[in-house]
Amino acid sequence: MKKLMSRPTNGLHGCLTVPGDKSISHRSLMLGAISHGQTTIQHFLPAEDCLSTLTALQGLGVDIQRTGTTVQVTGQGLHGLRPASGPLQMGNAGTATRLLAGLLAGQPFDSTLIGDASLSQRPMERVRQPLQLMGAELELTAGHLPMSIHGRNLHGRRSQMAVASAQVKSALILAAIQADAPSTIVEKLPTRDHTERLLTAFGAEVATAADQRTITVQPQPQLIGQPVDVPGDFSSAAFFMTAASIVPGSRVTLQRVGLNPTRTGLLRVLQRMGGQVQIDRLANVGEPLGNVTVTAANLRPITLTAADIPAVIDELPLVALLAATADGISRISGAGELRVKETDRIATICSELRKLGVAIDEQPDGFVIDGRPAWQVKDSKLVSHGDHRIGMMAAVAALRLTTPLELTGAAAIDISYPTFFEDLSRLLPKTEVRV
Ligand code: S3P
């Protein structure tokens, strides 16, 4: 049980550089592994999820050396991975699992992927089905992990995606680079494009049409190892942007944050809600980058629908928190994907915010919040449900309140942000730090 920090007298203040992006850290390792030559990754995120990818790739015969946040990958080429000696343990990492499914589907050996209790309940049919249409052979256990992958020769084709998911899209792209002919992938809605950007930097031919959701992939590229400078994770910075917005008196700058527009929906949400956001762009590192300063503000309610969701998918717990402070009714719909995240996030957001006295109605594909500037705490014992983002949402919510709160399952935060509480304490006055 962790005691959470309650409202700091004068708000949160200061500058913070959050750790490297989780999505880009996973992908840099994988692309480094299948390239020729060396890939040096700077600002890698050494959190549990990315370490699952690192260990899995080592299990596939890739030499990877890590010192802190610097990682050296010795590429094996597209045809140089070796069969692992046993099942690959993916832990909690959905991204690692689904991307590796696409990569391993085209390798000339069998692999098995397993995961923790949460990952073992997440849907895998969404990757099996489209990969099978490319000639892959994947066996699931009632639609879930364990997943057995029997490597096959893959065929280029046109895939129409049934879900808006960057993980599924990336699995198809990683299969497509191993196929015998070009492939076209049509997304339901545009999602994060880190795989496309990185693959292009490594020498592949991946083109996105003007509609932002039709991707053409040329097969069998000669990938060449590259230096990768990973931007700060927007999804980690988002917790402090939200805290700065809802804790009166705050002003916080997040430095070197990734500003890929497929990820920054929360900035647009904040602006639409009347939040005070200043963006100072820095030189691009293959991904847009910048410093973001957020100042506390009184917020207006907001309505989000399906088309808004992909760019804010991991920040919806924070959107709920922002809406909970905004006077009036906010409606979030078209977000059914939240039900199949690390937890059923519609249920876990509702359960934790209700404890704080927030009027939130659970909907099949989202939630409706009747926001109020002041909440009446009903239960001070919050739980992460084993979900890193729910744990961090709880810690940010506590900063709005004077009632002391406790969090069970804070260790889950290590999945994406092991130094979260240290970083938070840097924004608090020394005399008040108790996190
Ligand atoms: C991710 C894609 C998203 C996101 C996840 C990371 C990625 O998942 O929620 O945290 O790195 O591709 P979906 O593809 O399931 O939407």
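Which backbone N or O atom lies 3.0 Å from an oxygen atom of the ligand? That atom belongs to Ala166. Please keep in mind that this is a predicted model.

Two side chains also come up here. An N or O atom in the side chain of Ser165 is 2.6 Å from an oxygen atom of the ligand. For the side chain of Arg27, the corresponding distance between an N or O atom and a ligand oxygen is 2.7 Å. On its own, the ligand has 390 Å² of accessible area, and the protein covers 95% of that. The space that the ligand takes up is the largest pocket.

Around the ligand we have Ser23, Arg27, Thr95, Arg98, Ser165, Ala166, Gln167, Arg192, Ile313, Asp314 and Lys341. Sorted by class, that shell holds five charged, four polar and two nonpolar residues.

Where do these residues come from? At least two shell residues are supplied by each of helix H1, residues 22–33, helix H3, residues 94–104, and helix H5, residues 166–176. At the level of domains, at least three shell residues come from domain 1, which is 2–19 plus 231–432, and at least three from domain 2, which is 22–227.

Two backbone points to finish. As background, most peptide bonds are trans, and most residues other than glycine have a negative phi. Leu145 and Pro146 are joined by a cis peptide bond, with omega at about -5°. Pro146 is part of strand S9, residues 144–150. The other point is His43, which is not a glycine but has a positive phi of about 60°. His43 sits in the loop between strand S3, residues 38–42, and helix H2, residues 48–59.

That is what I have for today.

How values were computed. Residues numbered from 1 in each chain as written. Predicted model: local features only at pLDDT ≥ 70, side-chain atom pairs only at ≥ 80, totals over all residues. Heavy atoms only, no water. Near = heavy atom within 4 Å. Polar contact = N/O pair within 3.5 Å; in protein donor to acceptor, adjacent residues only side chain to side chain. Areas by Shrake-Rupley, 256 points an atom, 1.4 Å probe, with all protein chains shown as cover. 1 Å grid on protein atoms, 1.4 Å probe; cavity = no way out; pocket = protein on both sides within 12 Å on 5 of 7 lines; lining within 4 Å. Sits in = over half its atoms within 2 Å of the grid points. Helix = DSSP H or I, 4+ residues; strand = E, 2+ residues; numbered from the N terminus. Nonpolar A, V, L, I, M, F, W, Y, C, P; charged D, E, K, R; others polar. Domains from an automatic or database assignment.
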